[in-house]
Amino acid sequence: MKQMLIDADIKRLMQMIEGSSRIVLTCHVRPDGDALGSSMGMAWLLKSLGKDARVIVPDQPPKTLSFMPGFKDLAIFTRHDPYCQRLVSEAELIICCDFNKPSRQDQLEPLIQNATCTKVLIDHHEDPDYFADLTFSYPEMSSTCELVFRIIAAMGLYPELSHDAAECILTGIITDTRNFTVNVNELDLYEILMRLLEKGVDKNRIVKLALNTCSLSSLKIQAYAISECMEVVEKHRCAIITLNQETLKHFHYEKGDTEGLVNEPLKVRSIISSFFLREDPEFIRISARSEEDFPVSKVCEDLFGGGGHLQAAGGEFYGTLEECKAKLIAALPNYDKYLPDNNG
Ligand code: MN
């Protein structure tokens with residue numbers, strides 16, 4: 001496996017871990033498979049080393065990920081505030097996983113940022129804030145879980161990696177790469193897969209539970225959204241799905257029910273970018289996905305104060321759903337130059 005990490009960073013991390021017995025791991029709000037997999041995978045490894053390792057998540061993770069080992073032991077900030085306060089105040093080391101800016105932790109941000117103990121950031125998003133004492137930032141990696149595996153291997157701790165740790169790490173790799181179909185930038189990701197399988201992890205089970213499982217309400221809401229609430233702007237090869245509060249209520253929307261919806265329009269060959277605008281109570285939440293090199297991260301940054309990865313990004317809009325959609329459609333011509341065949 002290619003060594004992509006800096007020896008001195010690995011050495012410092014090992015010293016930090018050796019010098020701490022209470023360690024808190026944490027991730028971004030609305031945690032996904034990679035956020036949970038990286039923090040829980042690292043926590044399992046630290047437990048194997050005899051550390052008291054706890055994972056704090058900003059808010060309730062989706063039930064679809066409840067198969068992940070350690071899920072029921074998560075400290076959820078919005079539900080267990082005093083408990084989380086105590087864990088942080090007692091922590092000697094905080095390891096932040098899968099986010100680049102403190103604000104990605106939402107209500108949990110002040111607690112983590114005001115903590116005075118040593119902090120480490122492990123992440124694969126572009127342009128991180130250097131708020132931690134030690135930062136592992138590798139945007140070229142498929143997932144933070146890939147990075148966590150490489151860090152563990154570089155520390156010589158692969159033998160300590162338990163079945164549970166391996167299952168968490170593989171879950172994040174599978175969700176961020178949609179089962180090795182996107183964001184696979186290094187061939188040795190397959191070597192990492194092999195070494196995780198050697199720990200006895202059942203890959204097909206993870207793919208089924210993490211990617212191909214949803215509730216009946218989710219199935220219905222997504223089918224309705226595609227059939228009734230999608231506009232295809234053919235000229236700009238763009239699909240826009242909008243869901244308002246009324247529709248969400250009608251389908252008894254629960255958190256996580258629209259997970260993956262934004263990817264669906266990209267199954268159509270002519271569609272290069274897909275935007276999903278959902279009317280949440282506080283604002284319009286935008287998720288975007290694309291094919292080829294169409295930079296939805298740039299679109300979200302320019303229009304919706306957001307960002308993300310080239311092909312997967314998001315943002316927020318304060319105003320009505322209609323205004324949000326109109327703003328997007330009006331701006332689409334500015335991005336035609338990124339469409340395939342239009343590259344001059
Ligand atoms: Mn990720």
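Before the helix pairs, one definition: axes are lines fitted to C-alpha atoms, for helices over the stretch in contact, and angles run from 0 to 180 degrees between N-to-C directions. Helices are DSSP runs of H or I, at least four residues long, numbered from the N terminus.

What you have above is a predicted model, where local features need pLDDT of at least 70, side-chain atom pairs count only at pLDDT 80 or more, and totals for chains, interfaces and linings use all residues. Residues are numbered from 1 along each chain as its sequence is written, and side-chain values use heavy atoms, with hydrogens and water left out.

Start with helix α6, residues 163–176, and helix α7, residues 189–197. Their axes are 10 Å apart and the packing angle is about 150°. On the α6 side the contact (heavy atoms within 4.5 Å) is made by Ala166, Ile169, Leu170 and Ile173, and on the α7 side by Leu189, Ile192, Leu193, Leu196 and Leu197. By class, this contact has 9 nonpolar, no polar and no charged residues. For the classes, Ala, Val, Leu, Ile, Met, Phe, Trp, Tyr, Cys and Pro count as nonpolar, Asp, Glu, Lys and Arg as charged, and the others, Gly among them, as polar.

Next, helix α2, residues 33–48, packs with helix α5, residues 144–154, at an angle of about 20°, and the axes are 8 Å apart. The two helices are therefore roughly parallel to each other. From α2 come Asp34, Gly37, Ser38, Met42 and Leu45, and from α5 come Thr144, Cys145, Val148, Ile151 and Ile152. This contact of α2 with α5 has 6 nonpolar, 3 polar and 1 charged residues.

The last pair is helix α11, residues 296–304, and helix α12, residues 321–331. Their axes come within 11 Å and cross at roughly 120°, which makes α11 oblique to α12. Val299, Leu303 and Phe304 of α11 meet Cys324, Lys327, Leu328 and Ala331 of α12. Those residues divide into 6 nonpolar, no polar and 1 charged.

Finally, a pocket. Which residues line the second largest pocket? His124, Glu126, Pro139, Met141, Ser142, Asn183, Asn185, His309, Leu310 and Gln311 do. By class, the lining has 3 nonpolar, 6 polar and 1 charged residues. A pocket here is an open set of points on a 1 Å grid over the protein atoms alone, where a 1.4 Å probe fits, with protein on both sides within 12 Å along at least five of seven lines; lining residues have an atom within 4 Å of a point.

Key. Parallel < 35°, antiparallel > 145°, perpendicular 65-115°, else oblique.
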